[in-house]
Amino acid sequence: MTVPVFGAPARHRVPVHRPRGLAARLRPFAVVALVVLVMGVPLWLVVVTAAKSQSEALSPDLSLPSHWHLWDNLAQVWQQGEIPGAFLGSLLVVAPSVALVLTLGSMASWILARRAGRINAVLYALAISGIVLPPAVITIVLLLRQLGLAGSPAGMIGVYVGIYLSTVIFFVTGFVRTVPLSLEEAARMDGAGPVRVFVSVILPLLRPVLATATILICLYVWNDVFYAFFVVGGRLDTLPLNLFQVANAGLYLNNWHLIFAYIILMSLPLLIVFAVAQRKIISGITGGAVK
Amino acid sequence: MPPGQETLTRPSTERRAPARRRTPVKIGQNRTHPMWFLAPAFAILFVFFFLPTLFNFIYAFTDWSSFKSDIRPVGFDNFSYLLSDGTLFSALRITVVYAALVALFQNLFGFGLAVLLEKDTWLNRVARLFFLIPVLMSALAVGYIFQALLKPDGSLNDLLSALTGQQVNIAWLGSTTWTLVLAAIIHAWKWMGLSMLIYLAGLKTVPEDVTEAAKMDGASSWQAFWSIRFPLLAPAITFNVATALLGSMNGFDIVQALTGGGPARSTEILNIFIYRTFGQGLFAQATTMSLVLFLMVALLAFPVIRILRKREQIL
C-alpha cells in the first residue's frame, strides 16, 4: 500500500506531463462552465419559474421573479395536485414492488446459478428474456381485467415485478456465480436446510448487487408513467401520473409556475435520499454494473 | 435448432462436466438447491409477462376495440391497414432512428464527462453530483422543462439573443426533421450521468502503471489513452450501449412531454402511437403495434443477449 502512495507525487514530476499544463489548468474552468450551462440553466429555470406569479410565468424565462411566490405555489400544488395522496399511492406501489422483485429474483437466481443442466439453461434464458423484450402493455390491461385486478395496486405491483424480475435475475445470477460453493457447503455440514442456507449465507453476501438493483428499480418505478397510465390510470394516483394528468388536462395549461412547482415537490424525495446517501448510491450503481 | 437459440441454451463448459454423472448430481441438486425456489418468480413472470405476450399474438389479429362488445378474428387486416396508411413504417423508422441517436449521444456525452471529470478533485466530485440530478428526475419532468426552454419565446432563444445581439426566434420544436434529434439529445441529457458513472468505474479498473509503462516506452498521452485504456473500457461500452438502446426503444415520457409526437407526428415513436390509439379505443391496432415493437426488439435483441452472455463468460 505504501509504495504507490509514496511514488505518486514523483510521477507528476515526470516531464511527460508538462505539455498538458495549459489544458490541465484550463480544465477546472471548463468543468464549471459546463455545469453552469448544461445543468445550471435548466434547473435554474425550474426554480425561478416555480417562484413566479401566474402572469409572470406565462412565458418562462431565466429572470428572477419580481416577488417570490415559491411557498404559495408549492402550497397550491400540494392541494390541487393532491400530492399527499399521490405520494402515498407511489409509495404503495414502489415499496412492495421493489421488495417482491428483489426477494423472488434472488431466490430464483440462486437456483439458476447453482443447478446444472439443459433445462436450467433454458429456464435462465427465459427468465432474463425480459431484459430486452418489451412488455405487452395493452394485453396486460386485458389480462388484469379478466383477473379482477384492473386498476388495483396489486395489479400494478404484479406488472412491475414481472417487468423488472429479468433485470434482477440477470445481475444477481452473475453475482451468485462468483460466491464460492464452499461457503454453502460449510453451512450444510452444520445441518442447515436450503432455506437456512439461502437466508443466512447467500442473502447477506448479495448485499452489493441487491443495492445496485434496488437503486435502479426504485428509479424506474418511482418515475414510471407509461405502464402506470395503462394499468392504474384514473383509479390510483401516483406522482408522475398526476403530473401527466394535470399538465395534460388544461387545468395547468400555461400555468408553468404550477407545473414546475409540482416537479420540485415530486423530485424532492429522491433528491433527499440521494443527498443523504450519495456516496453509497454511487458505489452501489457502479459496483454491480461493471464488475 | 435456429442459430440464435443455440447461444442462449448452450451450457458453459464448466457446467458440462458434472452433467456426466447425471443421477447422483440430480438428487443432490434437488436436496441442496430445490426447484421450488424458482416457482414464485416464474409464476409472476408467467402471469404478468409471458401470458400478455402470448395474448399479443392473438389479439393483434382481431377487431378488438372499445366500440363493440364482441371480438372477432380479422386475420392480417390490422397489419395491412397500418401498412397501407404508412404509420407502421414511419413509426418503426422514427423509433429506430431515435434509439440509435440516443445510444450515440448518451455514450458520447457520458464518455466525455467521464474523461473530463476523471481526477478525484473536489470540484470534479461536485460536478459529478450535478450531472446525476437528471438521472433521478422523472423523465416526464425533463420533457416539460425542455419544452419550456425551447419554446420560440423561451430561454434558449433569449440566451442566444443576448449572446449574438440580435433577436433569435428559432422554433426549436417545430422542425419535422430536427425535433427528433433534439428529443434524442434531451433523452441523452437525462441519462448521461449514469453512463458517466459506468465509464468512470471502467476507467478506474485500468491500472495506472500500465499507462505509465506505455508513456515510459515513448507513447504520447493521446496514444496511451486510445490504444491502452480505451480498449479496456469494452465492458462499460457494452453495458452503456445496450441499456441506452433498450431504454430508448421503450421510450415514451420524454418525447410525450416534449412534443406529444408532433410536429406532424414526426416524433411519434411506437409507444406514443400505442398510447394514442389506445386512447382512441382502437385496442387491436395498439396491440398490433405492440406486437411489432416486440418483434423488432426481439430481432435486435439476440445480438445484445449474445454480447451480454459472452461478457459474463469472460468474467
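Predicted model: local features only at pLDDT ≥ 70, side-chain atom pairs only at ≥ 80, totals over all residues.
1. On burial, 44% of the 291 residues in chain A count as buried.

2. The secondary structure is quick to describe. Chain A has 13 helices and 0 strands, so reading from the N terminus you simply get α-α-α-α-α-α-α-α-α-α-α-α-α.

3. Now the core. The largest nonpolar core has 172 residues, and the members touching the most others are A:Ala108 and A:Leu165. Helix α10 (residues 178–204) of chain B supplies the largest share of this core, with 15 residues. Where does the core sit relative to the domains of chain A? Domain 1 (2–76) and domain 2 (81–249) of chain A both contribute residues, so the core lies between them.

4. A:Leu165 deserves a look of its own. Setting aside neighbours within four places in sequence, A:Leu165 is in contact with A:Val101, A:Leu104, A:Gly105 and A:Gly130 in chain A, and with B:Ala41, B:Ile44 and B:Leu45 in chain B.

5. On to the interface: 75 residues of chain A are in contact with 80 residues of chain B. On the chain B side, helix α4 (residues 39–59) gives the most, with 13 residues. By residue class, the side of chain B that touches chain A splits into 57 nonpolar, 16 polar and 7 charged.

How values were computed:
Residues numbered from 1 in each chain as written. Chains lettered and ligands numbered in written order. Contact = placed C-beta atoms within 7 Å. Helix = DSSP H or I, 4+ residues; strand = E, 2+ residues; numbered from the N terminus. Nonpolar A, V, L, I, M, F, W, Y, C, P; charged D, E, K, R; others polar. Buried ≥ 20, exposed ≤ 12 C-beta atoms within 10 Å, placed from the backbone. Core = buried A, V, L, I, M, F, W, Y, C linked by C-beta atoms within 7 Å. Domains from an automatic or database assignment.
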